[in-house]
Structure formats: C-alpha cells, structure tokens
Amino acid sequence: MSDPDDQQPAPSLRSFRFLSALALAPFVVLALWLAGIADDHPWRGATVDLLKAYAALTLCFVGGARWGIADGGVATAPRDLAAGLLALFVGWALFFVPMPYGFALFAVAFAAQGAWNAVAAPDGGATARFARSRLFATVVIVGAMILAFLTTA
C-alpha cells in the first residue's frame, strides 16, 4: 500500500515563485526601510528587531528544509540532519548578537546555509528547482543583511 503523501503533486512553478517572493519580501522591505530612516527615527529599533527576528526564523526554516528532504525518503547522513538543527541554534543565538555584527553574522550564516542547500540537488535529494530557488533567496537575503549591516554600522 502506498503512502498518500507520496502522491501529492509538486506546487506549480507559478505558485512556487509567488510564495518564494512573498517569503523574501520582508527582508527587502525591512532592509530598505532601515536604510531610509534616520538614526533617531522612533521606529528604528523596532525595525531592527523585526529584521533580526525574521532572519532568525527564516534561518531555522531553511535549516529544516534538509529535514524535509530526508523525510522524503532520501538517504541523508546524520551529519546533514545535525547541521540542519544547528541552523536553529545559530539563528536563535544571532538574534541576541549586538548590531551591526548580528547582521554581518546572519549574512555569513545564510550564505553558508544557501551554499549547502544549493549543492543538495539533485544528488542530495533536492530538486534542481530547490537549488535554484535557494541560490536566488540566498542572494536576496545576504544582500538585505549586508544593507542592514552597513545601515546600522
């Protein structure tokens, strides 16, 4: 008897791109907003906190993507699963790193995570679409983190 989860179709390319753009939008909007407001703006601190929180949550999410690949029946080394879990702890810890250094470290963490996920396809069990989307997302997120770093330095 087959597992019903194995028979679910992949999301269409159009919906995949739309949802990916929607997930990246807070990085772009918050980094640009942070770059455009004055240092003494009353919302500056909240903007920094929102961007840090979203970065931490997203880093946890992309670390968990490897767990999703493994759950798909792909042989995944225990070190891959441990590294995916490590992203959770790194994201959580980086939330508490003082600015601007936290944004710089988020940029490094996302670059490392993105490179790791991009090479997961197709031999690592991910699709080529996954690898391309992670590469694009990594460029956008790292760019936003660099902009936030430069803005808060």
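Accessible areas here come from the Shrake-Rupley method with a 1.4 Å probe. On that basis, the chain exposes about 9,100 Å². Carbon and sulfur atoms supply 71% of that area. The model is a predicted one.

**Overall build**

The chain holds five helices and zero strands. From the N terminus on, its elements run α-α-α-α-α. Of the 153 residues, 33% are buried. Take the contacts between residues at least 6 apart in sequence: 71% of them join residues at least 24 apart.

**The core**

In soluble globular proteins, nonpolar side chains tend to be buried together. The largest nonpolar core in this chain has 25 residues. Phe27, Leu51, Phe103, Phe106, Phe110 and Met145 touch the most other members. Helices H1 (13-36), H2 (44-71), H3 (78-95), H4 (101-118) and H5 each give two or more residues to this core. H5 provides the largest share, seven residues.

Which residues does Leu51 contact, leaving aside its neighbours within four places in sequence? They are Phe27, Leu30, Ala31, Leu34, Phe103, Met145 and Ala148.

**Aromatic rings**

The count of aromatic pairs comes to five. One of them joins Trp33 and Trp43, with ring centres 6.2 Å apart. Their planes stand at 45°, so the pair is tilted. Trp33 lies in helix H1, while Trp43 lies in the loop between H1 and H2. The two are 10 residues apart, and the pair links distant parts of the chain.

Ring pairs also link Phe27, Tyr54, Phe106 and Phe110 into a cluster.

**Thr151**

Thr151 lies in helix H5, which covers residues 128-152. The Thr151 side chain reaches the backbone oxygen of Leu147 at 2.7 Å. Leaving aside neighbours within four places in sequence, Thr151 is in contact with Leu34, Ala35 and Arg44.

Is Thr151 buried or exposed? Its relative accessible area is 18%, and buried means under 20%, so Thr151 is buried.

| Residue | Relative accessible area | Class |
|---|---|---|
| Thr151 | 18% | buried |

How values were computed: Residues are numbered from 1 along each chain as its sequence is written. This is a predicted model: local features need pLDDT of at least 70, side-chain atom pairs count only at pLDDT 80 or more; totals for chains, interfaces and linings use all residues. Side-chain values use heavy atoms; hydrogens and water are left out. Helices (H or I, at least four residues) and strands (E, at least two) are DSSP runs, numbered from the N terminus. Buried means under 20% relative accessible area, exposed over 50%, partly exposed in between (1.4 Å probe, protein chains only). A polar contact is a pair of N or O atoms within 3.5 Å; within protein, one must be able to donate a hydrogen and the other to accept it, and residues adjacent in sequence count only if both atoms are side-chain atoms. Contact means heavy atoms within 4.5 Å. A nonpolar core is a set of buried Ala, Val, Leu, Ile, Met, Phe, Trp, Tyr and Cys residues joined through side-chain atoms within 4.5 Å. Rings of Phe, Tyr and Trp (its six-membered ring) pair if their centres lie within 6.5 Å; planes under 30 degrees apart count as stacked, over 60 as edge-to-face and the rest as tilted.
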